[in-house]
Amino acid sequence: MFKIVTPQTDDALAAYYHFRWQYLRQPWNFPPGSERDEYEQVSEHRMVVNNDGDIIACGRVHLNTAEEAQIRHIAVHSDYQRRGLGQFMLNALEAVARELGAIRAVTNSREISIDFFQACGFKVEREAPNELGLLKRQQMVKKLDDFSLLVLHPEWCQELQNTWTETIPITEHMGIKLHQYTGKSLETRASLNKNINIHGTMFAGSIFSLATLTGWGMIFLQLKNKGLDGDIVLGDGNIHYHKPITMKPRAVCNIERLKGKFTLLEKGKKCRLELEVEVLDDTQPVAEFHGIYWVLPKEDGK
Ligand SMILES: CC(C)(COP(=O)(O)OP(=O)(O)OC[C@H]1O[C@@H](n2cnc3c(N)ncnc32)[C@H](O)[C@@H]1OP(=O)(O)O)[C@@H](O)C(=O)NCCC(=O)NCCS
């Protein structure tokens, strides 16, 4: 079995950099140390280890801008190549990039790894600046806001995200993003940095907004699922805050926590729906929202 880990101790980091050097610098006779650059401190580092704890793959991602993540230094142990580990590492780094708010990933690929990145959805954009004065590289790009990898019904999820962006512009400022929809549950995430208060925790009003939007989004998706249409409005909402959010704001609405009958809408009548949304700080539950929403039939019947 393999698992992705973040090197945290000095020893783990030393082993991680050594692995990177072995695969990405030593073959071209660059000395130890040449595998590091000025972005190490601001990067997220990951490695894959096997059952014995040996490193068998490494990779790194950092933000070039708020929207663009750069993926670098992916390497897989020669005994383990072509077994999906490169893709496994790349998926993990892309997930990190999405969580950091990036909508695009770039990488500068050597000729030899272009096929790998292409197989993983990257496209060649142009020739990259020549680093180390040696190896020609192509800059390759991949869009990260493609919902098809994360969600069921990507077209509905894209429509929901667009509806939020266009009709409730504050969602954009709060960095609220649909993260995952499985058909049974909807998860959204928000940027902590964009919602921070003077205590360095997430502003309670933003938590409330994240929760109400998640409930709203769940109903939007259920309407799609049932082939119905209507205007969704919040009738009443209560939230209980237990703990502050200091890391990763998430909100989850499970279908089992949604009660009410959509059938009235089919008869041209409004329907009342009641639901609960759990708010988490990474994996820790921090607040519960209880909301009553009404779905009103579209007046023009459209
Ligand atoms: C490039 C590298 C990271 C790929 O890792 P990997 O674990 O072997 O790749 P995966 O098994 O995840 O490959 C996924 C897909 O990419 C494509 N692919 C990967 N390596 C390929 C190669 N050498 N030639 C053609 N296609 C390749 C294939 O489509 C593959 O799917 P398939 O095996 O079902 O056909 C690995 O070969 C490596 O470490 N190379 C040396 C270091 C390096 O060049 N790193 C890139 C830095 S720019």
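A: Helices, of at least four residues, and strands, of at least two, are DSSP runs numbered from the N terminus. Keep in mind that this is a predicted model.

Q: How many helices and strands does the protein have?

A: The protein comes to 7 helices and 14 strands. Its C-alpha atoms fill a box of roughly 75 × 40 × 35 Å along the principal axes.

Q: Which helices and strands each supply at least two residues of the shell around the ligand?

A: Helices α1 (10-24), α2 (85-99) and α3 (114-119) do, and so do strands β4 (68-76) and β5 (104-110). The shell holds 19 residues, and those that come nearest to the ligand are Gln81, Gly86, Gln87, Asp115 and Ala119.

Q: How do the residues of that shell divide into nonpolar, polar and charged?

A: There are 9 nonpolar, 6 polar and 4 charged residues around the ligand.

Q: How do I read burial along a helix, and which residues of α4 are buried?

A: Count neighbours. A residue is buried if 20 or more other C-beta atoms lie within 10 Å of its own, and exposed if 12 or fewer do. In α4, the buried residues are Cys157, Leu160 and Trp164. They share a side of α4, because they cover an arc of only 60° around the axis.

Q: What does the face of α4 turned away from the buried side carry?

A: That face carries the exposed residues Glu155, Asn162, Glu166 and Thr167. As for the buried residues of α4, their cover includes α5 (170-174), β8 (177-181) and α6 (204-225).

Q: What length does α4 reach from its first C-alpha to its last?

A: Helix α4 runs over residues 154-167, which is 14 residues, and it reaches 20 Å. That is close to the 20 Å expected at 1.5 Å a residue.

Q: Where do nonpolar side chains tend to be in soluble globular proteins?

A: They tend to be buried together. In this protein, 32% of the 302 residues count as buried. The largest nonpolar core has 34 residues. Those with the most contacts inside this core are Ile207, Leu210, Ala211, Ile219, Val277 and Val279.

Q: Which element gives the most to this core?

A: Helix α6 does, with 9 residues. Among the elements that each supply at least two residues are α4, β8, β11 (249-254), β13 (271-281) and β14 (284-296). Take Ala211 as a case. Leaving aside residues up to four places away in sequence, Ala211 touches Ile239, Ala251, Val277, Val279 and Phe289. A second, separate core has 25 residues, including Tyr16, Val48, Ala69 and Ile74.

Q: What share of contacts joins residues at least 24 apart in sequence?

A: Of the contacts between residues at least 6 apart, 62% do. Leu265 lies in helix α7 (residues 263-266). Its touching residues, beyond four places away in sequence, are Leu228, Gly230, Cys271, Val295 and Pro297. Lys298 is 33 residues from Leu265 in sequence and 9.5 Å away, C-alpha to C-alpha.

Q: Is Leu265 buried or partly exposed?

A: Leu265 counts as partly exposed, because 19 other C-beta atoms lie within 10 Å.

Q: Which residues other than glycine have a positive phi?

A: Two can be named here. Arg82 has a phi near 60°. It sits in the loop between β4 and α2. Arg82 is exposed, with 8 other C-beta atoms within 10 Å. Asp282 has a positive phi of about 60°. Its place is the loop between β13 and β14. Asp282 counts as exposed too, with 11 C-beta neighbours inside 10 Å.

How values were computed
Residues numbered from 1 in each chain as written. Predicted model: local features only at pLDDT ≥ 70, side-chain atom pairs only at ≥ 80, totals over all residues. Expected span 1.5 Å × (residues − 1). Arc of directions from axis to C-beta. Contact = placed C-beta atoms within 7 Å. Near = placed C-beta within 6 Å. Nonpolar A, V, L, I, M, F, W, Y, C, P; charged D, E, K, R; others polar. Core = buried A, V, L, I, M, F, W, Y, C linked by C-beta atoms within 7 Å.
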